[in-house]
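Good morning, and thank you for joining this meeting.

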Amino acid sequence: MLRKMGEAVARVARKVNETVESGSDTLDLADCKLVSFPICIYKVLRNVSDQIHLITLANNELKSLTSKFMTTFNQLRELRLEGNYLYRLPNEVSSLQQLRAIDLSRNQFQDFPEQLTTLPALETINLEENEIVDVPVEKLAAMPALRVINLRLNPLSADVRVIAPPLIKFDMLMSPEDTRAPPP
């Protein structure tokens, strides 16, 4: 077990170093078995954090992200968090004013993360395969850049299905009414 943990830590360190050394605008920590975002990464990336536009933390074991994560990487244009155990976002997600796309699919959201509706550049929201019943349709309709929201495999209420279509100017992807997310 210690060997596997050591390998996981080495993998994260290698990926972070690649980002720093190459001057890349991407930090890819997908499939690293992370349960939280490592604090040491903030120090390593402090001189390049404003140059990072895409962070991938997909398929880890994250239950939450901190406000420090959101404020440190406030230049993000894309954030990929699919396949974790997230059920909420910190309020500081509103500091991601450049964010264009966020993937929160295959997480544990029961409530729609309404902070996303305050992001002026957000074009794509993927919340497929969560447990969301209600959606703030009016707030979504007021988002200037929103083009697509994916809510497939969520147990959406009948109200959302009826109210949303005439109010929205973007694509709202929903599963047929009787479709539910498969059991875990």
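I shall start with glutamine 110, which is located in the loop between strand 4 (101–103) and strand 5 (124–126). Helices (H or I, at least four residues) and strands (E, at least two) are DSSP runs, numbered from the N terminus. Please note that this is a predicted model, in which local features need pLDDT of at least 70 and side-chain atom pairs count only at pLDDT 80 or more, while totals for chains, interfaces and linings use all residues. Residues are numbered from 1 along each chain as its sequence is written, and side-chain values use heavy atoms, with hydrogens and water left out.

Is glutamine 110 buried or exposed? Its relative accessibility is 57%, so glutamine 110 counts as exposed. Buried here means under 20% relative accessible area, exposed over 50%, and partly exposed in between, with a 1.4 Å probe and protein chains only. Leaving aside residues up to four places away in sequence, glutamine 110 touches Glu131, Ile132 and Val133, where contact means heavy atoms within 4.5 Å. Between glutamine 110 and arginine 14 there are 35 Å in space, C-alpha to C-alpha, and the two are 96 residues apart in sequence.

I turn now to the charged pairs. Side chains of opposite charge can pair when their charged atoms come close. How many salt bridges does a search of the whole structure find? The search finds four, a salt bridge being a side-chain nitrogen of Lys or Arg within 4 Å of a carboxyl oxygen of Asp or Glu.

One of them joins the side chains of aspartate 28 and lysine 15, at 4.0 Å from N to O. This pair links distant parts of the chain, with aspartate 28 in strand 1 (residues 26–28) and lysine 15 in helix 1 (residues 2–22), 13 residues apart. Aspartate 28 counts as partly exposed at 36% relative accessibility, whereas lysine 15 counts as buried at 17%.

Another salt bridge is formed by glutamate 82 and arginine 80, at 2.4 Å from N to O. Glutamate 82 has 5% relative accessibility and therefore counts as buried; arginine 80, at 29%, counts as partly exposed.

Glutamate 114 also forms a salt bridge, with lysine 139, and their closest N and O atoms are 2.6 Å apart. Glutamate 114 is in the loop between strand 4 and strand 5 and lysine 139 is in helix 4 (residues 137–141), so this pair ties together parts that are 25 residues apart in sequence. Glutamate 114 is partly exposed, at 35%, and lysine 139 is partly exposed, at 45%.

Next, the aromatic rings. The count comes to five aromatic pairs; rings of Phe, Tyr and Trp (its six-membered ring) pair if their centres lie within 6.5 Å, with planes under 30 degrees apart counted as stacked, over 60 as edge-to-face and the rest as tilted. Phenylalanine 37 and phenylalanine 69 make an edge-to-face pair, 5.0 Å centre to centre with 75° between the planes. Phenylalanine 37 lies in the loop between strand 1 and helix 2 (39–44) and phenylalanine 69 in helix 3 (residues 67–72), so the pair ties together parts 32 residues apart in sequence. Phenylalanine 37 counts as buried at 7% relative accessibility, and phenylalanine 69 counts as buried at 0%. Phe37, Tyr42, Phe69 and Phe73 form one aromatic cluster.

Leucine 167 is partly exposed, with a relative accessible area of 43%.
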